[in-house]
Amino acid sequence: MLQNDLSSKNFHQATKHSYLSVQLDPNYVDSTTQPYAFKRYPKFYRRLQLNLHHPIHSFIYLTSAITLEKTYKDVAYKLRVNPSAGGLYPTEIYVQIRGIPEIVDGIYHLEVENNCLTLIYELIDDGLESYIIQGKCIKGIIFLISCVYYRSSWKYKNRSLRYCFLDSGHHLGTIAASADLHDKNIQLMFDFDKLALNSDLGFENKEFVTACVLCGEVEEKQVRRLRLKVPFVSGTDYFEANQFIEDGYQVTALQKSPKQQLEHPKFKFDKDKFYQTVWHRRSNRRFRKQLISQEDYFRILSQLKQAIPTESCAAIKVYSVVHRVEGISPGLYQKQSSD
């Protein structure tokens, strides 16, 4: 059993691969035992079919949409707009909607497979704000990202602790991309009462909240916690617990970040081209066997100077693997903060 005083650094070290670790635990998996990758609430829950001509529906849809279906060895795979380690898609999105015409105020689960919002909790004077941004009320949308970790640990075991957060970051990226395409400002939230939310959303030990995104008008208003707990619904057809991952998550959930001034990025992408990039990116690695210019390479790096819209501050090191850039020797490069 892991000790309570372990830091996230210890978990980081414990999930590092080495030549020896791979030899000792090669981890062969039987693809026929892969857990189901889509969470479904029972049929009797109310659902709102997403209409892509509705701007709010379109905004929500593009955060998780299925963009390609393919068959491999007689197994059908549904690939999504968000990249995912191993294509296992452990992340889920929940959407709180408040004050939007023609949509019931409530907490919804985004049912990606069927392109709809499933109402799992109707709001009165309560909501997610009391866990996330106390003393305030969001008129608009709150996105919650969660991880159904067994979808990943089925294959990657303890290393899934990394992949759960990696995939959560990918999903934050798809929300940010959709927000930019729909001309909306967002704020990423990381420091909030995740453990209470896990309990009240009925996740048990099989799913956990990793991050949150606010999108809407902020009002000075007290909102109380959920009146009732949401009934448990499993995100997989079967489950095997991993105590290492559960303990590691507990450590990260209690850590707080230094604060910084909230600043929004100012991208100037061509919307049509950017939409096509978002739609086709997935986890593709279809590299063209051509050189790119230094101008294009440095233009990409320059976009990394844009602000991340959050008050949480963390040191970020950016590395790039250069292979075919005109005039630059192949290798691993670190971007300097002064660049």
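This briefing covers strands, aromatic rings, a surface patch and salt bridges in one structure.

The model is predicted, and local features need pLDDT of at least 70, side-chain atom pairs count only at pLDDT 80 or more, and totals for chains, interfaces and linings use all residues. Residues are numbered from 1 along each chain as its sequence is written, and side-chain values use heavy atoms, with hydrogens and water left out. Helices (H or I, at least four residues) and strands (E, at least two) are DSSP runs, numbered from the N terminus. Buried means under 20% relative accessible area, exposed means over 50%, and partly exposed is in between (1.4 Å probe, protein chains only).

- Two strands pair if DSSP finds at least two bridges between them.
- Strand E1 (residues 47–49) is joined to E6 by 3 bridges, and the two run antiparallel; Leu 48 has Leu 117 in E6 as its bridge partner.
- Strand E5 (residues 106–111) also pairs with E6 in the antiparallel sense, over 6 bridges; here Tyr 108 has Leu 119 in E6 as its bridge partner.
- The hairpin of E5 and E6 has 4 residues between the strands, and Asn 115 in this hairpin takes a positive phi near 55 degrees.

**Aromatic rings**

- Rings of Phe, Tyr and Trp (its six-membered ring) pair if their centres lie within 6.5 Å; planes under 30 degrees apart count as stacked, over 60 as edge-to-face and the rest as tilted.
- The whole structure has 16 aromatic pairs.
- One of these pairs is Phe 44 with Tyr 45, which is stacked at 5.1 Å centre to centre with 25 degrees between the planes.
- Phe 44 is exposed, at a relative accessible area of 68%, whereas Tyr 45 is buried at 14%.
- One aromatic cluster is formed by Tyr 149, Tyr 150, Phe 208, Tyr 238, Phe 239 and Tyr 249.
- A charge sits over a ring if NZ of Lys or CZ of Arg is within 6 Å of the ring centre and within 35 degrees of the ring normal.
- Lys 78 lies over the face of Phe 38, 5.9 Å from the ring centre, and Lys 194 lies over the face of Phe 192, 4.8 Å from the ring centre.

**Salt bridges**

- Side chains of opposite charge can pair when their charged atoms come close.
- A salt bridge is a side-chain nitrogen of Lys or Arg within 4 Å of a carboxyl oxygen of Asp or Glu.
- The structure holds 16 salt bridges.
- Glu 92 and Arg 151 form a salt bridge, with the closest N and O atoms 2.6 Å apart.
- Glu 92 lies in strand E4 (residues 91–98) and Arg 151 in helix H5 (residues 150–156), so this pair ties together parts that are 59 residues apart in sequence.
- Glu 92 is buried at 3% relative accessibility, and Arg 151 is buried at 1%.
- Glu 129 and Arg 98 form a salt bridge, with the closest N and O atoms 2.9 Å apart.
- Glu 129 lies in helix H4 (residues 129–132) and Arg 98 in strand E4, so this pair ties together parts that are 31 residues apart in sequence; both residues are buried.

**Surface patch**

- Patches are made of residues with over 30% relative accessible area and no salt bridge; like charges are joined within 9 Å, and nonpolar side chains (Val, Leu, Ile, Met, Phe, Trp, Tyr) within 5 Å.
- Tyr 319, Val 321 and Leu 332 form a nonpolar surface patch with about 370 Å² of accessible area together (Shrake-Rupley method, 1.4 Å probe; for residues, only the protein chains shown count as cover).
- Leu 332 is in strand E11 (residues 331–334) and is exposed, at a relative accessible area of 61%.
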